[in-house]
Amino acid sequence: TYIGFTGTLTNNGYEIVHSPLVLDEGGIWRMDFDDMERKLSESKIHVAVFCSPHNPCGRVWERDEIERSVDVDEVLRYFAVQTFVANLDSYLGSTGHNYFLYEEDGRLAMLPWDYNLAFGGFLGGSYVNLPVDTPAAPEVLAERPLFTNLMAHGDYRERYHGYLDELVQDYVESGRLQTTVRQAEELIASYVAEDPTAFISFEE
């Protein structure tokens, strides 16, 4: 394993659990998914290093190998929602936080949290009108390989566009979002009006 990975992990107090590659009948090094899933479960692993091309063997992981390791559909849905609500206090923002990597059956997905600065509330909403395929500043996207690598594949990008269309049609144009907001408003209005820590008046 590349010393840069091992050194970074050990220097930050992590104990490394290796899952060695296996050589198939064609002489190609491949991930041992059974071994990976067992060790993820048994060792309760919270951090994984996924490198393509692999160092040192140079393998560029094939699509089916990546999709066995990452729940691509769930990740695309996550990014569609992040873009739709203009939430830059997230993986796609300058902070790169407010998400969990969740592993189930050896596959990683992303779970969001902390949406209080969504709808352009982060940093004054300066990123609200960025294109959906580049929904963050260039210097931020340069450090977000999961999003940029997925968008580099046309079929993944089209699936992401489809989820954005679904959000627009099924939630906004249908009136569902407005109805949900009004219901939430009715539910909390009396409590907000009496909030002793409010920064502004209820009418504002």
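Asn98 is buried, with a relative accessible area of 7%; buried means under 20% relative accessible area, exposed over 50%, and partly exposed in between, using a 1.4 Å probe and protein chains only. This is a predicted model, in which local features need pLDDT of at least 70 and side-chain atom pairs count only at pLDDT 80 or more, while totals for chains, interfaces and linings use all residues. Residues are numbered from 1 along each chain as its sequence is written, and side-chain values use heavy atoms, with hydrogens and water left out.

Asn98 sits in the loop between α4 and β3. Its phi is near 65°, a positive value in a residue other than glycine. Ala86 is found in the loop between α4 and β3 as well. Phi of Ala86 is near 50°, also positive in a residue other than glycine, and Ala86 counts as buried at 13% relative accessibility.

The protein chain as a whole has eight helices and four strands. Helices (H or I, at least four residues) and strands (E, at least two) are DSSP runs, numbered from the N terminus. From that end on, the elements run α-β-β-α-α-α-β-β-α-α-α-α. The radius of gyration of the protein chain is 21 Å, well over the 17 Å that the globule rule gives for 204 residues, so the chain is more spread out than a compact globule. That radius is taken over C-alpha atoms, and the globule rule is 2.2 Å times the number of residues to the power 0.38. The C-alpha trace spans about 70 × 40 × 30 Å along its principal axes. Of the 204 residues in the protein chain, 27% are buried.

Tyr99 stands opposite Pro112 in β4.

Tyr99 also belongs to a cluster in which ring pairs link Tyr78, Phe79, Tyr91, Tyr99, Phe147 and Tyr160. The structure holds six aromatic pairs. Rings of Phe, Tyr and Trp (its six-membered ring) pair if their centres lie within 6.5 Å; planes under 30 degrees apart count as stacked, over 60 as edge-to-face and the rest as tilted. The rings of Tyr78 and Phe79 have centres 5.3 Å apart and planes at 65°, so this pair is edge-to-face. Both Tyr78 and Phe79 are buried. Phe147 and Tyr160 form another edge-to-face pair, at 5.8 Å centre to centre with 80° between the planes. This pair links distant parts of the chain, with Phe147 in helix α6 (residues 145-151) and Tyr160 in helix α7 (residues 154-173), 13 residues apart. Phe147 and Tyr160 are both buried. Arg144 lies over the face of Tyr91, at 5.7 Å from the ring centre; a charge sits over a ring if NZ of Lys or CZ of Arg is within 6 Å of the ring centre and within 35 degrees of the ring normal.

Asp73 lies in helix α4 (residues 72-84) and is partly exposed, with a relative accessible area of 22%. Leaving aside neighbours within four places in sequence, Asp73 is in contact (heavy atoms within 4.5 Å) with Arg159 and Tyr163. The C-alpha atoms of Asp73 and Asp155 are separated by 11 Å, although these residues are 82 apart along the chain.

Conventions
Pairing = 2+ DSSP bridges.
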